[in-house]
Number of protein chains: 2
Amino acid sequence: MKPNSNYKNLKDSYLFRNIAMKVKAYQEANPDKHIYRLGIGDVTLPLADEVVKALHRAVEDQAHAETFHGYMNECGADFLRSAIAGHYKKRGVDLSVDEVFVSSGASDELGDILDLFAYGKTTALITEPAYPAYLDASIMAGRRILTLETGMENGFVPQPGMPVKEWSDSQSDDKTPDVIYICSPNNPTGSVLNRQQLAKWVEYADSVGAVILFDAAYEAFIEEEDVPHSIFEIEGARTCAIEICSLSKTAGFTGTRCGYTVIPGELERDGMKLNDMWVRNRTTKTNGVSYIIQRGAEAVFTDKGREQIQKNIAVYKENAKCLMKALDAAGISYVGGKNAPYVWMQCPNGLKSWECFDLLLNEIQVVGTPGAGFGSCGEGYFRFSSFGSPEDTAEAARRIYELWKS
Amino acid sequence: MKPNSNYKNLKDSYLFRNIAMKVKAYQEANPDKHIYRLGIGDVTLPLADEVVKALHRAVEDQAHAETFHGYMNECGADFLRSAIAGHYKKRGVDLSVDEVFVSSGASDELGDILDLFAYGKTTALITEPAYPAYLDASIMAGRRILTLETGMENGFVPQPGMPVKEWSDSQSDDKTPDVIYICSPNNPTGSVLNRQQLAKWVEYADSVGAVILFDAAYEAFIEEEDVPHSIFEIEGARTCAIEICSLSKTAGFTGTRCGYTVIPGELERDGMKLNDMWVRNRTTKTNGVSYIIQRGAEAVFTDKGREQIQKNIAVYKENAKCLMKALDAAGISYVGGKNAPYVWMQCPNGLKSWECFDLLLNEIQVVGTPGAGFGSCGEGYFRFSSFGSPEDTAEAARRIYELWKS
């Protein structure tokens, strides 16, 4: 048996492990110090009451023969697919229930969905800085990979036509991608593509026959009118885009697990409909998402559930504001924070990402994430997450200001 | 963008859809008739009380900040991995916690795990009759596929050295497989490999460097001493086998979703450890299984939980006995039923599988699954599932006997 040797091309995924090791060492050496954790992008507030109630009810359903649910529809339960389609409808996006697939979450889906694209013949364009799994999943599948780097000069907003770099060994001069990864609001930068900027990608993808994998995991944090929550708000997207979304950040489902994916009926290449292919993939390779979890997810889309999750999101958004205020006061440049749970800071005084990490940990006990972990154009930047407690975030912001005020 | 054209090689998955359509048409034409459903392999008894309690407790954990769980270990929560390793220990199989991976279920894992094997260079051997997803997942991944057909003459027990057929277009004379699918107790035939028969596969795989994907989803139904529950009860398996297991049939989790996979530390090829590769795959492509569901699964492995699920399994085993008794009395040949929830009947009077289906539906309102749906060597056979209600199963058995008694 020959193993998949593409795995040899993966770099060690040291980012979060490295952070954990450094924090552990510091804490052991300084047991009396409180550490302010603005590092990992995990939520901290519990599930909304409506979701908890729905989960309990669903557990009870599984406890009695009359209400027991066995195998689920592999593509998602009708009740949840309808609820999600209804959610899109409120934003003016018409989807049929069959275009919505329930998943265990965005990261699960971002890996699995690559199976739709031809092995050995697919070029993936990754807009950086980026969530490391885009690159790693593409490497595992043996894709040719191009990267498009953004920076402070363009507000970390990727646009077609910006220079691309060859990541793989390909000698081909043709830099046309087959698959384009776009994440807006972006992890890690918190930057967003407005309607016009996203429309440029749709136009480009349609013109070259590429498919956009649109990661909308942070859409619930958008507050500006001109920023689309869904790529399907853009004309032309139904023939060139797949949208991958998650309840992890929307409703605190990081450990509860549920997400959804939209594949329009019109999306086809070489006469093959990607929606049909995905139905076949799901019915072959899964038995659907847990009934209990799908009932919990359904509650997110009710009026009461919506209201409750908005309260949690408001807490995280206040945290972001608090961090932005401190950076503004200290005269430090950053992007994000407004429509996203991340603030992406330019490290002051020419510090490199990991130097900044060490300084913040050792001097003021604040933990964040070095930008270099998200691609080489992240070097010199630093990500703060707004998912911590309000008290810790406020104190961290105060310390950051004190450290760097001019 | 080029789609994955391997999907074009898939046949329509008409088996269960076809059954559903025929049953629907019959019911509409005969609204007064009760239909006895022994077709699909789905459980009908509710979750065990201990599991239900654990699920409720876990939902409450997610409702409060102090006990809330965010991102889980992608390979499984320690509490569940330990519980599963403890379960193996009772059968004399020593596993380290790191060798156990928690999954959303066997079908999810059987598809995903193919990513460990080199694309374009892997030959899969499928022992038939087989669960259709083995073939379909291999087709999607563009594997060369060989089939090894079993029959009544060998009790539907596959053994190395039996003739293999080329399913793909490969012209290669080398019929050595890289990956071997073995399911024992078998779906659909209910047949099992005893210790000696399974040892032959381990010896063969070790000698040619192949990896066995051992589907143990029905192990909880084994009652004979000489039938291994795990391939790791066989010496030599740690260097050639991956075991994929599920709580779907063990504990009624078909709609609740949880399973586990064992990849031994020693299993390596070309210097790559498959366990390490799978850790990397899970950490890149998933965020783990829901905390709530993992807590429910943990309860299956407690003494009380074990006792309760055994009661459910006993109900299904009584159903199988009832069907076997009717076939014995009518003088009809079959295998399975003893260590499995399936009874695999040779269709009487030379009937083909679908002829048998139509006859049973139209004459005695009994629904089963045509054997031809599980590979061409299933033609002329018919699967009865023991997951129906005891009352319906008893009446179905009576009708089968009346129809075919000599």
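Into which domains is chain A divided? Chain A has domain 1 (5–46 + 305–404) and domain 2 (52–302), with bounds that come from an automatic or database domain assignment.

## The model and its confidence

This is a predicted model, in which local features need pLDDT of at least 70 and side-chain atom pairs count only at pLDDT 80 or more, while totals for chains, interfaces and linings use all residues. Residues are numbered from 1 along each chain as its sequence is written, and chains are lettered from A and ligands numbered from 1 in the order in which they are written.

Chain A has a mean pLDDT of 96, with 100% of its residues at 70 or more; pLDDT is the predictor's confidence in each residue, from 0 to 100. The scores for the model are ipTM 0.97 and pTM 0.97.

## Two domains in chain A

In chain A, the C-alpha centres of domain 1 and domain 2 are 25 Å apart. Their contact takes 37 residues from domain 1 of chain A and 40 residues from domain 2 of chain A, where two residues are in contact if their C-beta atoms, placed from the backbone, lie within 7 Å.

On the side of domain 1 of chain A that touches domain 2 of chain A, α9 (303–330), β12 (334–336) and β13 (342–346) each supply at least two residues. Helices (H or I, at least four residues) and strands (E, at least two) are DSSP runs, numbered from the N terminus. The largest share of this side, six residues, comes from α9(A). By class, this side of domain 1 of chain A has 16 nonpolar, 16 polar and five charged residues. Here Ala, Val, Leu, Ile, Met, Phe, Trp, Tyr, Cys and Pro count as nonpolar, Asp, Glu, Lys and Arg as charged, and the others, Gly among them, as polar.

## How the two chains meet

Now to the pair of chains. In chain B, 71 residues are in contact with 70 residues of chain A. On the side of chain B that touches chain A, α2 (49–61), α4 (106–112), α5 (132–140), α7 (274–285) and α8 (291–300) of chain B each supply at least two residues. The largest share of that side, seven residues, belongs to α7(B). Its classes are 33 nonpolar, 25 polar and 13 charged residues.

The same surface serves both copies, as 99% of the contact residues of chain B recur in chain A.

## A sheet with β13 inside

Chain A has an open sheet of four strands in the order β12-β13-β16-β15, with antiparallel pairing. Two strands pair if DSSP finds at least two bridges between them. β12 and β15 (369–370) of chain A are the edge strands, each pairing on one side only. Five bridges link β13(A) and β16 (residues 381–385) of chain A in the antiparallel sense, and Y342(A) stands opposite S385(A) in β16(A).

In chain B, four of the five residues of β13 (residues 342–346) are buried. A residue is buried if 20 or more other C-beta atoms lie within 10 Å of its own, exposed if 12 or fewer, and partly exposed in between, with C-beta atoms placed from the backbone. β12(B) and β13(B) form a hairpin with five residues between them, and G337(B) in the turn has a positive phi of about 85°. G336(B) stands opposite V343(B) in β13(B).

## Some residues to look at

I231(A) is in the loop between β7 (211–215) and β8 (241–246) of chain A. It counts as buried because it has 28 C-beta neighbours inside 10 Å. Leaving aside neighbours within four places in sequence, the contacts of I231(A) include L198(A), I212(A) and F214(A).

A cis peptide bond joins E128(A) and P129(A), with omega about 0°. Q365(A) is not a glycine, yet has a positive phi of about 60°. D270(B), also not a glycine, has a positive phi of about 50°, and counts as exposed because it has 11 C-beta neighbours inside 10 Å.
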